Amino acid sequence: MSEQIEYTKIFGRPESLKETPTHYCPGCGHSVAHRLVAECLDELGLREKTIGVPPVGCAVLAYNYFNFDMVEAPHGRALAVATGIKRVHPDKFVLTYQGDGDLAAIGTAETIHAANRGERISTIFINNAIYGMTGGQMAPTTILGQNATTAPGGRDPRLHGSPIDISRMLAVSNGVVFVERCALDSVKEIRKAKKAIKKAFQCQLDDLGFALVELLSPCPTNWKMTPKAAWDWVAEEMVKTYPLGVIKDITGYEDKK
Amino acid sequence: MLMNGSQTVGEAAVRAGCRYYFGYPITPQNELPEYLSARMLDVGGTFIQGESEVASINMVLGASVAGGRAMTSSSSPGISLKQEGISYMAGMELPAVIINMMRGGPGLGNIAPSAADYFQATRGGGHGDYRTPVLAPAGGQELVDLTFAAFDLADKYRNPVMILGDGLMGQVMEPVIFPDFIELADLPKKDWILDGCKGREPRAIYSMLLGQQGELYKHNLHLQEKYDRITAEELRWETKGTEDAEVVVVAYGTAARIAESAIEELEAEGIRAGLFRPITLWPFPLPPLRELSKKVPRIAVFELSMGQMVEDVILSVGERAEIYFHGLPGGIIPTPAQVAGFIRSAVKGDGTVGRRIDV
Ligand SMILES: Cc1ncc(C[n+]2csc(CCOP(=O)(O)OP(=O)(O)O)c2C)c(N)n1
Ligand code: SF4
């Protein structure tokens with residue numbers, strides 16, 4: 001008589017992700033970020049009450065990958081669209097997912113004012129220091145010296161201004177309860193990112209105010225690097241301009257270390 | 001009730017079930033957001049003064065996709081900023097009501113009444129192959145009736161609808177009667193909204209159609225089919241005294257009201273002038289005007305712009321009747337006597353006021 005073996009599933013596709021291959025480049029941070037968002041939604045049991053707003057940018061097709069309700073917003077307007085949704089459904093979970101061009105350039109006004117109104121919305125901010133979708137032009141977050149197709153010779157503060165630290169800018173607003181900057185370059189940092197995302201989601205569930213998680217995210221394609229080199233660049237170069245860690249936390253949550 | 005036009009629209013909107021208003025101040029329509037900021041508190045709705053017109057129209061987009069009856073209002077320069085959002089909503093097939101109390105342009109122009117945004121309103125304004133129904137009240141009670149109609153049309157066709165008024169209409173006080181509040185629960189159910197996917201498959205609403213199988217092509221044909229239906233079914237216009245008229249004045253909105261007074265003055269002189277007033281500017285009531293032009297020798301078009309609607313009149317009338325045009329730039333409201341002068345000159349065909357259009 002053979003013995004019945006019991007299997008325990010320890011890893012699989014989160015329900016909040018569809019079984020659809022993504023179009024992201026190898027080594028791109030978007031795919032990791034998608035998975036983290038999906039895992040957090042699953043773990044908090046939020047999938048069926050979530051309405052997501054993807055950006056215009058490389059993640060514009062996120063509605064093909066996420067397995068919950070989603071609506072397109074014009075470039076930069078995700079937080080205005082999300083505001084409208086949240087006012088109709090205050091009991092639902094509203095999420096925006098935005099790149100640096102989307103959130104920190106064309107959508108700066110929408111970002112600052114939604115945050116300042118303390119909208120009960122959770123925002124995932126993908127900072128890859130470049131415009132990915134349109135082919136590597138300079139972003140407001142491009143770091144000094146970094147090459148971009150519209151910053152030949154690298155970003156020069158006199159010519160292009162200095163990189164914008166939107167997370168720190170938002171932190172001064174009273175409507176904002178939680179901002180953390182994490183990186184998607186190593187297992188250790190990705191774990192921290194997941195914790196931060198979950199905490200940001202909790203802020204909305206507890207009706208505290210606006211919360212944002214910034215994710216330093218590799219764009220190997222437009223940085224013209226291998227995935228490995230891109231991850232190293234995040235860890236070694238990008239963090240100098242954008243130091244990791246909690247930027248603001250007035251949630252009163254006791255962090256379970 | 002005695003109310004100014006902007007407040008009238010606000011009260012009508014609330015009674016028509018609008019619970020979400022998003023807007024940014026601009027003269028001459030500020031009485032509308034001011035009125036609604038208080039009224040939404042009474043009815044448990046939402047009023048947000050957005051940080052810009054761009055943000056406001058996108059809040060409307062969000063509220064609409066979530067299933068609420070949503071509205072924004074502005075005046076000319078602000079409407080220019082809303083065009084991106086209106087184009088997206090047309091592409092995504094989302095209902096919304098947009099009020100434009102027009103002022104003088106181009107640019108910052110001035111805050112006096114004008115009707116110079118006809119092209120922008122009826123031709124799309126934003127990018128892409130899309131249309132928005134445009135309703136042009138002549139003020140007073142019609143502001144109430146067309147506000148109700150606008151919300152119904154928007155829902156029926158899942159499309160943004162614009163009400164095109166002007167600064168004068170917004171500020172003049174007139175007596176109006178409001179219908180009762182509609183019951184939100186009685187509105188037809190929307191089976192496409194986003195409210196979380198509990199108990200169903202997730203939905204995505206978007207206008208980006210990259211598919212190589214001609215997805216966008218098919219979508220635009222689908223939209224066109226809808227616009228054709230609207231054109232066939234939703235034309236609105238009004239005629240007065242057009243039987244046996246020797247001249248028919250075509251005018252909309254405030255211009256139509258001035259023309260009406262002018263026509264009354266001319267009656268005493270024995271001039272038989274009728275009025276044709278388009279109420280839907282898009283779709284333009286082309287077939288009825290075409291029919292009329294077979295019976296009257298002269299059509300006199302009067303606009304508070306330098307000539308925009310006249311192009312639709314030309315399309316309707318062709319060579320079936322003589323067309324005369326008189327337009328005034330924004331900022332000056334003519335007296336009925338001035339407009340009577342134009343009509344008189346059109347009847348004589350002497351062209352001393354306005355000009356004859358050669359088709
Ligand atoms: C109004 C408007 N302007 C410009 C564009 C073109 N555009 C699409 S994506 C993009 C930049 C996106 O960059 P980012 O937000 O950093 O996202 P990423 O692609 O890097 O993920 C731009 C400029 C657009 N779609 N709409
Ligand atoms: S271009 Fe960059 S951001 Fe876009 S998918 Fe590729 S790696 Fe990701």
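This is a predicted model: local features need pLDDT of at least 70, side-chain atom pairs count only at pLDDT 80 or more; totals for chains, interfaces and linings use all residues.
## Around ligand 1

Let's begin with the ligand. The shell around ligand 1 holds 17 residues, and those that come nearest are A:Cys58, A:Asp100, A:Asp102, A:Gly132 and A:Met133. Although these five carry the letter A, the residues that surround the ligand come from chains A and B, so the site is shared between chains.

## Polar contacts with the ligand

Now zoom in on the oxygen atoms of ligand 1. A polar backbone atom of A:Cys58 is 2.8 Å from one oxygen atom of the ligand. For A:Met133, a backbone N or O atom also lies 2.8 Å from an oxygen atom of ligand 1. A:Gly101 has a backbone N or O atom 2.9 Å from a ligand oxygen.

How much of the ligand's accessible area does the protein cover? On its own, ligand 1 has 590 Å² of accessible area, and the protein covers 76% of that.

## Where the two chains meet

Next, step back and look at the two chains together. In chain A, 32 residues are in contact with 35 residues of chain B. About 2600 Å² is buried between the two chains, and carbon and sulfur atoms give 63% of this area. On the chain A side, A:Glu48, A:Asp69 and A:Glu72 lose the most area to chain B, together accounting for 23% of what that side buries.

A salt bridge joins the side chains of A:Arg77 and B:Glu84, with an N to O distance of 3.5 Å.

Several elements of chain A supply at least two residues each to the side that touches chain B: strand S1 (50-53), strand S2 (69-71), helix H3 (78-88) and helix H5 (108-116). Helix H3 of chain A gives the most to that side, with seven residues. By class, the side of chain A that touches chain B has 14 nonpolar, seven polar and 11 charged residues.

How values were computed:
Residues are numbered from 1 along each chain as its sequence is written. Chains are lettered from A and ligands numbered from 1 in the order in which they are written. Side-chain values use heavy atoms; hydrogens and water are left out. A residue is near a molecule or strand if one of its heavy atoms lies within 4 Å of it. A polar contact is a pair of N or O atoms within 3.5 Å; within protein, one must be able to donate a hydrogen and the other to accept it, and residues adjacent in sequence count only if both atoms are side-chain atoms. Accessible areas come from the Shrake-Rupley method with a 1.4 Å probe; for residues, only the protein chains shown count as cover. Contact means heavy atoms within 4.5 Å. Buried area is the accessible area (1.4 Å probe) that two parts lose on being put together, summed over both. A salt bridge is a side-chain nitrogen of Lys or Arg within 4 Å of a carboxyl oxygen of Asp or Glu. Helices (H or I, at least four residues) and strands (E, at least two) are DSSP runs, numbered from the N terminus. Ala, Val, Leu, Ile, Met, Phe, Trp, Tyr, Cys and Pro count as nonpolar, Asp, Glu, Lys and Arg as charged, and the others, Gly among them, as polar.
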